[in-house]
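Q: Please take a close look at the part of this model around the ligand. I would also like to hear about some local features elsewhere in the chain.

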Amino acid sequence: MTFQDLNLNTPLYNALHDLGYTTPTPIQAEAFNVVASGKDMVGIAQTGTGKTFAYMLPILKNLPFSKQETPRVLVLVPTRELVVQVVEEIEKLSKYINNRVLGVYGGTNINTQKQAIAEGVDILVATPGRLYDLALSRVLQLKSIQKLVIDEVDVMLDLGFRHQLINIFDILPEKRQNIMFSATMTQDVDLLINDFFKSPERVSIAVSGTPLENIAQQRYKVPNFYTKVNLLIHLLHDTETFNKVLIFVAYKKMADRLFENLDEHFKEELCVIHSNKTQNYRLRSIEQFRNGDNRILVATDVMARGLDIDNVSHVINFDTPEYPENYMHRIGRTGRAERKGEALIFSTGKEEEAIEKIESLMKMTIPVMDFLEEVEISNELIEEERPQVKERNNPTKRKDEDAPGPAFHEKSEKNSKENLGGSYKFKIAAKYKKPKTRGDKNYNKRNKRK
Ligand code: AMP
């Protein structure tokens, strides 16, 4: 397939010619007709796959010249770096098109941006917070937005932008096309899509289900979180074999919890990255892991996505990814550059279904290892593993009991039908270190008595 097959126009062909691009990347080829048709779309693609052009080619092809001042296309991205990068890409493609592209992001003078907006914009690229502030100030009118692109939805949600996004949806015209891109499918992404969009078409470049031959895979069946911790600690004590270990978990609360449990055993050798850590902290962790100062890195799927680290001896899937593609991405972090790598996966009974999905994608079975006798089996359960009281007629309750997020757990605890009486308040107070309910004046007194 060549760009000629996409039926673009001369200005776009000329721009592509100048760039030296002749063939659409797979995501560009897949997404073009869907975006051009005006349907809502969710594209699963990572950075580097050409995803920016995947949505911009059809958008630019169909965006007529206009003198109107209010923007018609809005692209939301999670970071200011990405604003800059996306604006650059759009400008490259727009070399022979008379359009106005503007990038806005937080942390810089808002007045300069207001002036730029007042001069008229066709395509606005923005981070959610700054976009919302500009819209509230009324300098920015969103009434003409016809197309909304949300890039890196997974990172966006992981950084806690869900509410910002929902606020923005509220002030956008209802009749618009929604185009979303995410590198990883996560429960958060699925929830957002199901809550706000009407069956968007899914476009993904097939993740190869064929794992590299030089990655050896093994599986341990483990009953619960704490037994997984015991097994992990046991394995990690073999520092010679496990010399550069990347451990994956699905969400940040789990990353923190695992980090705390490993910390006492592997203090100096351990680091963690997830989106609640500052950029500096994350960069430092990655650097320490990369150069070998730290032997063990705990990471979430979303944060580890862009990692480019060589010589990882083991990838350990501390949990079983619900989306089999994520498993392929995870294990691909080892066995790079012809070296041998090992991938282990720990799975509980509840995760058996996810294992089946992975195995059917790969068309192979992951060999199950005998459980090691030396490893203690724990009966202690974490909050998510304890039986939940089933309720009827609660439409707001999330279906997945394993889902991440403190708000969810707080709610499910509150909603459970046990009579928790006063002791519940007390438990919550202890957890949050300050009275949760007004009138719980005795909290401090009680605490002192302890
Ligand atoms: P992205 O995934 O959008 O960040 O794009 C990654 C890089 O690939 C960018 O530098 C693009 O300019 C480049 N690129 C996009 N489309 C193509 C193409 N069809 N052929 C070659 N390079 C491309």
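A: **The ligand and its surroundings**

The side chain of Tyr 21 has an N or O atom 2.8 Å from an oxygen atom of the ligand. This is a polar contact, meaning a pair of N or O atoms within 3.5 Å; within protein, one must be able to donate a hydrogen and the other to accept it, and residues adjacent in sequence count only if both atoms are side-chain atoms. The model is predicted: local features need pLDDT of at least 70 and side-chain atom pairs count only at pLDDT 80 or more, while totals for chains, interfaces and linings use all residues. Residues are numbered from 1 along each chain as its sequence is written, and side-chain values use heavy atoms, with hydrogens and water left out.

Thr 52 places a polar side-chain atom 2.5 Å from an oxygen atom of the ligand. For Glu 89, an N or O atom in the side chain is 3.1 Å from a ligand oxygen atom. The ligand taken alone exposes 500 Å², and the protein buries 77% of that; such areas come from the Shrake-Rupley method with a 1.4 Å probe, and for residues only the protein chains shown count as cover.

There are 16 residues around the ligand, and Tyr 21, Gln 28, Gly 48, Gly 50 and Thr 52 come nearest. A residue is near a molecule or strand if one of its heavy atoms lies within 4 Å of it. The shell divides into 4 nonpolar, 9 polar and 3 charged residues. Here Ala, Val, Leu, Ile, Met, Phe, Trp, Tyr, Cys and Pro count as nonpolar, Asp, Glu, Lys and Arg as charged, and the others, Gly among them, as polar. Helix 3 (51-61) and helix 4 (80-93) each supply at least two residues of this shell. Helices (H or I, at least four residues) and strands (E, at least two) are DSSP runs, numbered from the N terminus.

Elsewhere, Glu 152 lies in the loop between strand 5 (147-150) and helix 7 (153-158). Its phi is near 55°, a positive value in a residue other than glycine. Glu 152 is buried, with a relative accessible area of 9%; buried means under 20%, exposed over 50%, and partly exposed in between (1.4 Å probe, protein chains only).

Asn 311, in the loop between helix 13 (301-304) and strand 12 (314-317), also has a positive phi, near 60°. Asn 311 is partly exposed, with a relative accessible area of 42%.
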